[in-house]
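Hi,

Here's the structure I promised to pass on.

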Amino acid sequence: MTTTVPLLKIVVAGDGNVGKTSLIRQYCEGLFEQSRVATIGVDFQTKTVQIKGHTIKLSIWDMAGQIHFQSVRTGLYRGSRTAALVHDVTNPESLDHLQGWYEEIIAVVPQQRFLVVGNKIDLLADYDPSAAHKFAASIQAPYLTTSASSGAGVAKMFLGMAYLALKR
């Protein structure tokens, strides 16, 4: 008798060049590439994980961050169980834009659960996360930091998303 492994769709969103694709590749493949070509529209990968004694398969959707892909993205949020809103800690403007990403997603998936992620933490020795924590608290989401290049916090990010997806 074969058991079916549940497939949970999760979304990684944020401005272009915040490191969304690098986070996903680091998690799924253990790879980091210094230079990447921008994602066009959407890309996705899958990864099977163990959470609380359950085997689940994550379908990880990588949303293009450029504004001209907004009309393509909105329909792709349907069916997602959780979303990571990613900003680049070296680019404060990318944190300011997370409110717009949140509104874009919540308009399609009103009950969405979120995780707010500050990426590229390895590039700032004196990072002050207070503004990011404030935003995360305003949408009732956990906040954590990652480094796609070193892998720091990456597994915690995706396992946290898997946990949130299971709770929904």
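First, the ground rules. This is a predicted model, so local features need pLDDT of at least 70 and side-chain atom pairs count only at pLDDT 80 or more, while totals for chains, interfaces and linings use all residues. Numbering starts from 1 along each chain as its sequence is written, and side-chain values use heavy atoms, with hydrogens and water left out.

The protein has 6 helices and 6 strands (DSSP runs numbered from the N terminus: helices are H or I with at least four residues, strands are E with at least two). From the N terminus, the order is β-α-β-β-α-β-α-α-β-α-β-α. Of the 168 residues, 46% are buried (under 20% relative accessible area with a 1.4 Å probe, protein chains only; exposed is over 50%, partly exposed in between). Among contacts (heavy atoms within 4.5 Å) with a separation of 6 or more, 71% are between residues 24 or more positions apart.

Helix 4 (residues 98–106) has Leu-98, Trp-101, Tyr-102, Glu-104 and Ile-105 buried. They lie on the same side of the helix, because they cover an arc of only 165° around the axis (taken from the directions from the helix axis to the C-beta atoms).

Then there's Phe-158, in helix 6 (residues 154–167). Phe-158 is buried, at 0% relative accessible area. Leaving out residues up to four places away in sequence, Phe-158 touches Ile-10, Val-12, Leu-23, Ile-24, Tyr-27, Leu-58 and Ile-60. Its C-alpha atom is separated by 8.8 Å from that of Ala-84, 74 residues apart along the chain.

Cheers
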